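Please have a look at the structure first, and then read on.

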Amino acid sequence: MKINILTLFPAMFAGFKSESIIKRAINSGSLEINIIDIRDYTTDKHNTADDTPFGGGAGMVLKAEPIFRALENTSGKVIYTSPQGVTLHQNLSNELSSEEEITIIAGHYEGIDERVIEEKVDLEISIGDFVLTGGELPAMVIADSIARLLPGVIKKDSYEQDSFYNGLLDHPHYTRPAEFDGLKVPEILLSGHHKNIELWRKKESLKRTYLRRPDLLEGREFTKEEKKLLKEIVDEL
Ligand code: 9D3
């Protein structure tokens, strides 16, 4: 999959591309991240990418023309990061991960000229109800959540266990040593009894979800095993 990102601040994306899982996804050929500097598509001698808003007011607006020109080198869905957009959800990331190519326009300052949105943008996405300085981090968040779903990037049994994928929060994790400063790892995890470990993890997942995100359990169909575990959880509280 190819993900184009249009930005006025390409340097912000350097670390994103060159570390950890995203780096591996790129090197394995399943992902291409193409950072496009909007300033490269300006035509005046001062490379002006933004201007003051018509009608007055504070801040600057990204000009339409350089963005239109930059988009000529892309294909596929165009996404604009915006506080006015739909809130990102795992279901949307799952859908976007089956696209061959997408382009994310990272906004900055007050936003972009509305004519870009009217003519070119298919989908506006927010990453939640809090205020950031620009759309660069949201662009990385969107790209990251898509990239990890691409074939061969992470093991399937790894993301099938994710909250919002299986609908439950994660269970606790421990690694060596088995005792640290008198703090012990739950016995069962050292037992080597895989069936019981799986059941313990399922119960811890259910318990956390019940206590922290009961909204995730609304409307869920429970298996017989899950009903039994939930009864134990409630009785033990
Ligand atoms: C002071 C500017 N505000 C005037 C009402 C509006 C505003 C414009 C641009 C506020 C923040 C931003 C920058 N944020 C984004 O571009 C953004 C964002 C966010 O701030 N939170 C969550 N998701 C997103 S996606 C893009």
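Let's begin at one residue: leaving aside residues up to four places away in sequence, Val116 touches Ala64, Ile67, Phe68, Ile105 and Val121, where contact means heavy atoms within 4.5 Å. Val116 lies in helix H5, residues 114-120. Its relative accessible area is 0%, so Val116 is buried; buried means under 20% relative accessible area, exposed over 50% and partly exposed in between, with a 1.4 Å probe and protein chains only. Val116 and Glu65 are 51 residues apart in sequence, and their C-alpha atoms are 8.6 Å apart in space.

A word on the source: this is a predicted model, in which local features need pLDDT of at least 70 and side-chain atom pairs count only at pLDDT 80 or more, while totals for chains, interfaces and linings use all residues. Residues are numbered from 1 along each chain as its sequence is written, and side-chain values use heavy atoms, with hydrogens and water left out.

**The chain as a whole**

The protein chain has nine helices and 10 strands; these are DSSP runs numbered from the N terminus, with helices (H or I) of at least four residues and strands (E) of at least two. The radius of gyration of the protein chain is 23 Å, whereas a compact globule of 237 residues would have one near 18 Å. That radius is taken over C-alpha atoms, and the globule rule is 2.2 Å times the number of residues to the power 0.38. Along the principal axes, the C-alpha atoms fill a box of roughly 70 × 40 × 35 Å.

Of the 237 residues in the protein chain, 39% are buried. Among contacts with a separation of 6 or more, 74% are between residues 24 or more positions apart. The protein chain exposes about 14500 Å², and carbon and sulfur atoms supply 50% of that area; accessible areas come from the Shrake-Rupley method with a 1.4 Å probe, and for residues only the protein chains shown count as cover.

The charges can be summarised too: the mean positions of the 29 positive and 40 negative charges are 8 Å apart. Lys and Arg count as positive and Asp and Glu as negative, while His and the chain ends are not counted. Each charge is placed at NZ of Lys, CZ of Arg, CG of Asp or CD of Glu.

Strand S6 spans residues 101-105, and five of its five residues are buried. On one side of S6 are Glu101, Thr103 and Ile105, and on the other are Ile102 and Ile104, all of them buried. Strand S1, residues 2-7, is also mostly covered, with five of its six residues buried.

Several strand pairs are set out below; two strands pair if DSSP finds at least two bridges between them.

| Pair | Bridges | Sense | One facing pair |
|---|---|---|---|
| S1 and S6 | five bridges | parallel | Leu6 and Ile105 |
| S5 (residues 77-87) and S6 | four bridges | parallel | Lys77 and Ile102 |
| S4 (residues 61-62) and S7 | two bridges | parallel | Leu62 and Ile112 |

Which residue in S6 stands opposite Asn4? That residue is Thr103. Thr103 is found in strand S6 and counts as buried because its relative accessibility is 0%. Not counting residues up to four places away in sequence, Thr103 touches Asn4, Leu6, Leu71, Thr74, Ser75, Lys77, Val78 and Ile79.

Strands S3, S4 and S7 form an open sheet in the order S3-S4-S7, with mixed pairing. Its edge strands are S3 (50-51) and S7 (111-112), each of which pairs on one side only.

Is Ser97 buried or exposed? Its relative accessibility is 18%, so Ser97 counts as buried. Ser97 touches Met1, Ile146, Leu149 and Leu150, not counting residues up to four places away in sequence.
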